[in-house]
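Subject: Structure handover

Hello,

Here is the structure for your files. My notes on it follow below.

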Amino acid sequence: MRKPFATLALSSTLLLGACQAVNTTSGDAVGVERKQYMFSMLSTAQVNEMYAQSYQQTLTEASSKGVLEKNSAEAKRVQGIADRLIAQAPKLRPDSAQWDWQVNVIKSDELNANCGPGGKIIVYTGIIDTLKLTDDELAAVMGHEIAHALREHGREAMSKAYGVQMARTGAGALLGLGQDSLALADTVVQYSLTLPNSRANENEADLIGLELAARAGFDPNAAITLWKKMSAAEAGNAPPEFTSTHPSSGNRIAALQAAIPKVEPLYQAAKKG
């Protein structure tokens with residue numbers, strides 16, 4: 001049965017009014033200027049809070065299994081690199097200076113790392129040990145992940161999904177989503193970490209991560225050696241989890257190589273500083 005015209009008109013009006021165009025990062029040397037459309041009823045603070053709950057659950061489970069690395073040399077190494085990257089984040093997104101950044105290392109063979117909404121970072125030892133990452137390469141991994149959080153790619157994907165839901169079922173169904181906080185929390189995790197990012201979002205994370213690492217004094221050329229190692233690992237029977245949720249394209253390395261001259265002055269300035 002076809003919906004009444006008035007209901008469709010109301011849904012369309014609310015959909016347009018519920019979205020706002022934003023640019024989550026600014027002042028970058030790599031030229032990421034794409035406007036993002038966010039669902040206004042799904043605020044940054046709400047997404048950050050929901051993800052923080054899931055993050056703490058992950059840490060609790062890891063601690064109970066004895067695999068949460070707190071005082072190991074590897075954990076201290078990751079924390080040191082993260083501190084340098086986080087210190088530069090406000091230059092790309094000023095309000096990230098107020099985020100409750102957290103950095104944790106989990107002992108696992110998994111070749112993965114992530115940074116969820118609000119600056120919640122997890123690095124798995126497998127990606128460091130198996131790929132034998134240098135500090136510069138590890139900074140490239142973490143810079144890429146932090147860039148996803150700065151750009152709020154998870155919230156952006158959720159906004160698109162909610163917009164489709166509203167268009168299909170009307171405002172009432174969409175408003176109903178907000179009544180189930182558990183379902184919303186699950187959705188935050190799904191769109192922030194487990195679903196593949198779009199090619200455009202991956203490119204943005206590559207470029208912003210490259211700049212972030214350079215500003216922190218890490219060699220941007222390490223992003224090239226990192227993705228070559230990733231490509232070699234993918235050629236095996238079990239592709240790294242990092243690449244399964246971060247689809248790569250044939251021109252990824254070429255795009256990074258083209259951007260390195262833009263951030264090289266930042267790297268040189270950081271080294272002198």
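Glu152 lies in the loop between H5 and helix H6 (153-169); helices (H or I, at least four residues) and strands (E, at least two) are DSSP runs, numbered from the N terminus. This is a predicted model, in which local features need pLDDT of at least 70, side-chain atom pairs count only at pLDDT 80 or more, and totals for chains, interfaces and linings use all residues. Residues are numbered from 1 along each chain as its sequence is written, and side-chain values use heavy atoms, with hydrogens and water left out.

Glu152 has a phi near 55°, a positive value in a residue other than glycine. Its relative accessible area is 8%, so Glu152 is buried (buried means under 20% relative accessible area, exposed over 50%, partly exposed in between; 1.4 Å probe, protein chains only).

Lys132 also has a positive phi, near 50°, and is not glycine. Lys132 sits in the loop between helix H4 (125-131) and helix H5 (135-150). With 64% relative accessibility, Lys132 counts as exposed.

Now the sheet. Four strands form an open sheet with mixed pairing, in the order S3-S4-S6-S5; two strands pair if DSSP finds at least two bridges between them. Strand S3 (68-69) and strand S5 (113-116) are the edge strands, each pairing on one side only. S5 pairs with strand S6 (residues 120-124) in the antiparallel sense, over four bridges. Ala113 has Val123 in S6 as its bridge partner.

H5 packs on the sheet and touches S5 and S6 (contact means heavy atoms within 4.5 Å). The direction of H5 makes about 30° with that of S5; axes are lines fitted to C-alpha atoms, for helices over the stretch in contact, and angles run from 0 to 180 degrees between N-to-C directions.

Regards
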